[in-house]
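Work through the exercises below with the model open. Try each task before reading its solution.

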Amino acid sequence: MRPARTLEPDRPSPEQTWPDQAWEVEAVLAWHDDNAKAAIRSLLDDCKHLRQQLALAESVMSRGMARGWAPRYERDAL
């Protein structure tokens, strides 16, 4: 696996919203030489890593520090 790197488009027009989801998909596929399985594996690995980091932060963070906020591991349905 290659390390993640920041990808940014050339200058989005003012009416274009950032992040442009179509551009992001193309950027991920381009990073993995159009290998969809490698792209999915990399994104799943990133997701797993971030969940582990969230669990670690939750275990060392006091309730008072976050004023009652608790992390959620699943995102809201759109």
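**Exercise 1. Is Asp33 buried or exposed, and what is its phi?**

Step 1. Asp33 has a relative accessible area of 59%, so it is exposed. The cut-offs are: buried under 20% relative accessible area, exposed over 50%, partly exposed in between, with a 1.4 Å probe and protein chains only.
Step 2. Helices here are DSSP runs of H or I with at least four residues, numbered from the N terminus.
Step 3. Read the backbone: phi of Asp33 is near 55 degrees, a positive value in a residue other than glycine. Most residues other than glycine have a negative phi.

The model is predicted: local features need pLDDT of at least 70, side-chain atom pairs count only at pLDDT 80 or more, and totals for chains, interfaces and linings use all residues. Residues are numbered from 1 along each chain as its sequence is written, and side-chain values use heavy atoms, with hydrogens and water left out.

**Exercise 2. Which residue caps the N-terminal end of α2, and what should the helix span?**

Step 1. The cap is Asn35: a side-chain oxygen lies 3.2 Å from the backbone nitrogen of Lys37.
Step 2. Helix α2 covers residues 36-60, which is 25 residues. The expected span is 1.5 Å times one less than the number of residues.

**Exercise 3. How many salt bridges does a search of the whole structure find?**

Step 1. Apply the rule: a side-chain nitrogen of Lys or Arg within 4 Å of a carboxyl oxygen of Asp or Glu.
Step 2. The search finds one. Asp45 pairs with Arg41, and their closest N and O atoms are 3.1 Å apart.
Step 3. Check the spacing. Asp45 and Arg41 are four residues apart in helix α2, so about one helical turn separates them.
Step 4. Check the accessibility. Asp45 is partly exposed at 29%. Arg41 is partly exposed at 42%.

Definitions and conventions:
Helix = DSSP H or I, 4+ residues; strand = E, 2+ residues; numbered from the N terminus. Polar contact = N/O pair within 3.5 Å; in protein donor to acceptor, adjacent residues only side chain to side chain.
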